[in-house]
Amino acid sequence: MDAFTTADTYPYARRYRLGYEPINYVRNSVKILIDAFTGATTFYCLTPRIPSSPHIRAVFPRPVRRCIGNGTCIAQACALSELMLRIQAAVYGLYHMSNPDVFYNREDLWSVATEAGSTDQRQRVMEPNFVLMTLPGERATEFIEILPFTPANRNNLIGWIAGRAATASTMVKRSSTISKKSKLIDGPLQIEARIDQNAQLSDS
C-alpha cells in the first residue's frame, strides 16, 4: 500500500486535482508492506529528509523503517504508484516542452490517451497498464506501468510515459518515446475503431 504527503501551499507550483482536492505537491512518502500469510505490517519511509518525515513516524502506529542506499530496502523493489503516474502524466503533458516559445504558446500540448468503455462505449481517460517490456536504450526486460499520450484534441499516438520499479535511490523514473510528427501512429481509440470495423476481430 502507498501513503502520500500532499500540500496545496507549495510556492510557485501549479495546482492539480487529486479527487476533489487541489494540490500542488505530492510525494509517495511511505510504502506499507503486508505479509499475506501473517498480516504483519512494515512501514518504509522513502523520503527521510523531507520536513514531514518526523510527523509521519509519529502518526503511524508501528515503527517506520528507513530505506538507505541502493537496493538495500525491500520497498525499493515496488513499482511506482498508479496515482503518482497519473499525476506525473498530467504534469508531463504540458512540461515536456523545452522550447520557451513552444511552451508559452502551448503549441505541443499532450493529453493522456482516451479509450472506449467496454460496456457503454463512452470515452474515458486511460488508466495505467502494467506490462513487461524492454525500454529504449535498455537491455533487460522490466515490469513497468505505462500511459500513452495523444496531442491535445487529437487521437493519434504521440508518446508515452512509463513508471519503472525503483532500482536506485528514487522511486520516480520516467521514459518517453515521441513519435515523429511526419508519421502518424494510431492511438488507442483509433486502434479500437479498426478492431470494430473488422468483423473477424470484433465478433471474437
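## Counting ring pairs

Rings of Phe, Tyr and Trp pair if their centres lie within 6.5 Å. This model is predicted. By that rule, the count comes to six aromatic pairs. Two of them are described below.

## Tyrosine 92 and tryptophan 110

Tyrosine 92 and tryptophan 110 pair edge-to-face. Their centres are 6.2 Å apart.

Where do the two residues lie? Tyrosine 92 is in helix H2 (residues 82-95), and tryptophan 110 is in strand E7 (residues 110-112). The pair therefore ties together parts that are 18 residues apart in sequence.

Are these residues buried or exposed? Tyrosine 92 counts as partly exposed, at 22% relative accessibility. Tryptophan 110 counts as buried, at 4%. The cut-off for buried is under 20%. Tyr92 and Trp110 also belong to one aromatic cluster with Phe149.

## Phenylalanine 130 and phenylalanine 143

Here the ring centres of phenylalanine 130 and phenylalanine 143 are 5.4 Å apart. The planes are at 15°, so this pair is stacked.

The pair links distant parts of the chain. Phenylalanine 130 sits in strand E10 (residues 129-133). Phenylalanine 143 sits in strand E11 (residues 142-151). They are 13 residues apart. Phenylalanine 130 is partly exposed, at 37% relative accessibility. Phenylalanine 143 is partly exposed too, with a relative accessible area of 44%.

## A charge over a ring

What sits over the ring of phenylalanine 103? The charged end of arginine 106 does, 4.8 Å from the ring centre.

Notes
Residues numbered from 1 in each chain as written. Predicted model: local features only at pLDDT ≥ 70, side-chain atom pairs only at ≥ 80, totals over all residues. Heavy atoms only, no water. Phe/Tyr/Trp six-rings, centres within 6.5 Å; stacked < 30°, edge-to-face > 60°. Helix = DSSP H or I, 4+ residues; strand = E, 2+ residues; numbered from the N terminus. Buried < 20%, exposed > 50% of the residue type's maximum accessible area, 1.4 Å probe, protein only. Lys NZ or Arg CZ within 6 Å of the ring centre and 35° of its normal.
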